[in-house]
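Here are my notes on the model.

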Amino acid sequence: MELEEMRDLWLVMSSDIERQKKLTGSLILKMTRTNFRNRLSNILIPELAGAFVCLAGIGFTVIRFQGLDTWYLQVCGLFTLVILIWLPFLSIKSIVRLQSVNISGNNYKQSLEQFARGKIQFLKIQKWSFYLGAILLLVILPVFGKLISGRNLFQTTSLWMWYVVAYPIFYGLSRWVFRSYSKAVLEAENLLKDLDDH
Amino acid sequence: MAAEEEFINTVKANEGIIYKIVRLYTFNREDEQDLYQEIVYQLWKSFKSFKNYSKISTWIYKIALNTSISHLRKEKRRGRKITFEDLILQTTEHEDREKKEKIETLYSEIKKLNPIDKGIMLLYLEGNNYEELATITGFTYSNIATRLSRIKQKLTLKIKI
């Protein structure tokens, strides 16, 4: 089929669509208003909830930090604090980038470039969050064990049991996540390359 | 005329354009509704800027295509939205069965193109000239011509008349 023939066929379809006009004024206005609320709830609330959990963890660890009575528990405590600060920071950074597309100012090519770069950045942040999560799992167990129950889990076998159970699961999950990660990054990089070629 | 009324009339007059773009950039009914709503919202947000364009449709294509790109990365962040199932249009109301099939094939083959080619092909089929295509997409005339020729090669093999 030639392009002109495709265009003619498209014209037939377009006139079918034109005959079906269905939108009403009230529905259009409803869409603009409901969407504004959705944008807040879809994106901000889960992130704020996550940040709040991290903040609660930070507050709890800081207030009771003196309860960590050995140097290795204090090191774990410091790592816990640093990660709990970094995780929401990375998440919020990715959302700011997600929201930064200039929809009314960009042309299609610029939007595609921004999309591809943003996707690569977003996936990198996801990867970092995953690594940080693995370290957090390692350090938070003895810290919270000590702060909540007063027990030094390094002196019991239960800590190692937790690690033995948690890390194979974590490893399996990471293999699955990073397989999708590589594919998505490759797609975004190919798109950028295609845009650069022209 | 009040801004709201003017906006409503603009959207109503270009309902078909929005719908065709939504169909090309989504893969299920729920996504269709989500993107449709997002486009209407983005059009409303930048409604004042459309006066800088000589044609309203050029502005609508630009906003709708950019929103569709932006939507690709947010597709998993869905939430509550209004439902307008009954108001979703149909691409193929045509009674001619053969034509109906061809339209569906054309749609599904364009859907499979990469986002660059998909946008260019859509704008070409919509009857935009090269100047409009360049304004909306940001590609040069020669880039567009080269791409259209490649798209033609890809599609010709798959869609037989």
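1. In chain B, 61% of the contacts with a separation of 6 or more join residues 24 or more positions apart. Two residues are in contact if their C-beta atoms, placed from the backbone, lie within 7 Å.

2. A word on the basis. This is a predicted model: local features need pLDDT of at least 70, side-chain atom pairs count only at pLDDT 80 or more, and totals for chains, interfaces and linings use all residues. Residues are numbered from 1 along each chain as its sequence is written, while chains are lettered from A and ligands numbered from 1 in the order in which they are written.

3. Chain B has 8 helices and 0 strands. Its elements run α-α-α-α-α-α-α-α from the N terminus on. Helices (H or I, at least four residues) and strands (E, at least two) are DSSP runs, numbered from the N terminus. Of the 161 residues in chain B, 37% are buried (20 or more other C-beta atoms within 10 Å of the residue's own, with C-beta atoms placed from the backbone).

4. Chain B divides into domain 1 (1-89) and domain 2 (94-161). These bounds come from an automatic or database domain assignment. Across the boundary, 8 residues of domain 1 of chain B are in contact with 11 residues of domain 2 of chain B. On the domain 1 side, helix 2 and helix 4 (56-72) of chain B are the elements that give two or more residues. Helix 4 of chain B supplies the largest share, 5 residues.

5. Which angle do helix 2 and helix 3 of chain B make where they pack? Helix 2 (residues 15-25) and helix 3 (residues 29-45) of chain B pack at about 135°, with axes 9 Å apart. Axes are lines fitted to C-alpha atoms, for helices over the stretch in contact, and angles run from 0 to 180 degrees between N-to-C directions. The two helices of chain B are therefore oblique to each other. Helix 2 of chain B contributes Ile18(B), Val22(B), Arg23(B) and Tyr25(B); helix 3 of chain B contributes Glu32(B), Leu35(B), Tyr36(B) and Ile39(B).

6. One pair spans the two chains. The axes of helix 1 (residues 3-18) of chain A and helix 5 (residues 97-111) of chain B come within 10 Å and cross at roughly 110°. They are therefore roughly perpendicular to each other. Angles under 35 degrees count as roughly parallel, over 145 as roughly antiparallel, 65 to 115 as roughly perpendicular and the rest as oblique. Met6(A), Leu9(A), Val12(A) and Met13(A) meet Lys99(B), Lys102(B), Ile103(B) and Leu106(B).

Methods: A residue is buried if 20 or more other C-beta atoms lie within 10 Å of its own, exposed if 12 or fewer, and partly exposed in between; C-beta atoms are placed from the backbone.
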